[in-house]
Structure formats: structure tokens, C-alpha cells
Amino acid sequence: MSLPHAILTALLERPSSGLELTRRFDKSIGYFWSATHQQIYRELGKLEAEGHIRALPSQQPARGQRKSYEVLPAGRAELERWTAAAQDPKPLRDALLLRLRAAAVVGTAGLEGDLRRHLRLHQRQLEEYREIERRDFPPGKDAPQDRLHHLILRAGIDLETFWTQWLTHALEEFAGLPGGPGGGGEVTDGTASSDGARTTPSR
């Protein structure tokens, strides 16, 4: 149910066309809730049919002109209801952790290199978030909306910090496996062998 609510939020911030929404998802909302162009257009149609949004009247009707949408009172009420409703945290489902569990019984071949790749990706994302923080949230910018937006960004920074630290630790553990860096290929009696296996997280 979250994509329509993400769209309602974006349209309350600023009436937009489907294309404009796609660009805004790519640049901001997509950091924590991604959606394709097709998914956004499909949800716009549903929200309009439900009476939550409407297409703005065009100033100069023209063939192929993009429609812009705004939120109607029913849409705002639905967003208020959803925002206030209690929701349980979602259980962690991460393929990397499952792959590590599998590696304990089949060997670690291929994992270390992927761990290094994911470490680079998380480091890059962390630096991007920090640059956004430096650019968009200078000291003294503390209006309520700015503070909430900064709080969302801090979640991203803290999460990427966790992954860079955890991956660094994981690579240190791999270096200490029997057989040296990346040790552990085939498994015998539940123990990884030491033929230089490699590992990295996929997120």
C-alpha cells in the first residue's frame, strides 16, 4: 500500500505530472521507496478512479500534453489515516546473510570479491548522502519540514554507515579463515576448505 501513499505525499508537496513524479522519485523519494515509470502511471490512474486525486485543467489543451495532478480532500484524508496508523517493523530479509549461511555448508567461493564490490557501492552511497546533507541541511536550517526531511536522510546515512562497517568487518573475518584471504572453497564435514573463496553482499 505504500506506493500510492508516496505519490499522494509527493503531489501534496507539489502538483506534478507523471513524468515529473518519476524524476522526483529518481532524485529523492526513490532513495527509500523506488518505483518505475509504469508503476507510477498505473497508481495515478487508480488514485484518480478512487477520487483521491484529479487532473488539473489544462491552460492550453494540446495533443499529447502531459496531465498534472493534485490531491483532493479524500486523498489527503487517506494519507492522514495511513500516516497515523500503527505498523509493525518488517522482518529483515537480506540475500547476503542467507548466502553467508549457505557458504557455511557449501563453501565461500565467489563471496569475498562480491563483498568488496558491495563495500564500494555502500561507500559511494554513503558519500552521496553526506554530500546531500552538506548541501541541503546547513546549520540553522531547522523548520519542521526540514527537520523531518533531514531525519529521513540521517536514516540513510546511518544505514550505509552500518553496512560499510559490517562489510569491512566481514572482509577481515574472511582474511582470517583457514587458508588465508578468502579461505574456504569446498566443505568437508561442515568445515570450509581453504582454496581461496571470495565473498561480497548483494543488496
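Predicted model: local features only at pLDDT ≥ 70, side-chain atom pairs only at ≥ 80, totals over all residues.
Glutamate 80 and arginine 76 form a salt bridge, with 3.5 Å between the closest N and O atoms. The cut-off for a salt bridge here is 4 Å between a side-chain nitrogen of Lys or Arg and a carboxyl oxygen of Asp or Glu. By that rule the count is 13 salt bridges.

Next, the sheet. It is open and made of three strands, ordered β1-β3-β2, with antiparallel pairing. β1, residues 16-17, and β2, residues 53-55, are at the edges; each has a single partner strand, so one side of each has no neighbour in the sheet. β3 covers residues 68-71, and its antiparallel pairing with β2 runs over three bridges. As for individual positions, arginine 54 is opposite glutamate 70 in β3.

Two helices to mention lie across strands of this sheet. Helix α1, residues 2-13, lies across β1, β2 and β3, at about 95° to β3. Helix α3, residues 37-49, lies across β2 and β3, and its angle to β2 is about 105°.

Those two helices also pack on each other. The angle between α1 and α3 is about 80°, and their axes are 10 Å apart. α1 and α3 are therefore roughly perpendicular. From α1, the contact uses Leu3, Pro4, Ile7, Leu8 and Leu11; from α3, it uses Gln39, Ile40, Glu43, Leu44 and Leu47. Sorted by class, the contact of α1 with α3 has eight nonpolar residues, one polar and one charged.

Now α1 against helix α2, residues 18-27. Here the packing angle is about 105°, with the axes 11 Å apart. That makes α1 roughly perpendicular to α2. On the α1 side we have Leu3, Ala6, Ile7, Ala10, Leu11 and Glu13, which meet Leu21, Arg24 and Phe25 of α2. The classes in the contact of α1 with α2 are seven nonpolar, no polar and two charged. If you compare the two lists, Leu3, Ile7 and Leu11 of α1 meet residues of α2, and these three also meet residues of α3.

The last pair is helix α5, residues 95-106, with helix α7, residues 144-175. They pack at about 15°, and their axes are 14 Å apart. Angles under 35 degrees count as roughly parallel, and α5 and α7 are therefore roughly parallel to each other. Their crossing is left-handed. The contact brings Leu96, Leu97 and Leu100 of α5 against Trp163, Trp166, Leu167 and Phe174 of α7. In the contact of α5 with α7, seven residues are nonpolar, none is polar and none is charged.

To recap the angles: α1 is roughly perpendicular to α2, α1 and α3 are likewise roughly perpendicular to each other, and α5 and α7 are roughly parallel. That is what I have.

Conventions:
Residues numbered from 1 in each chain as written. Heavy atoms only, no water. Pairing = 2+ DSSP bridges. Helix = DSSP H or I, 4+ residues; strand = E, 2+ residues; numbered from the N terminus. Contact = heavy atoms within 4.5 Å. Axes fitted to C-alpha atoms, helices over the stretch in contact; angles between N-to-C directions. Parallel < 35°, antiparallel > 145°, perpendicular 65-115°, else oblique. Left-handed = near helix turned anticlockwise from the far one by under 90°. Nonpolar A, V, L, I, M, F, W, Y, C, P; charged D, E, K, R; others polar.
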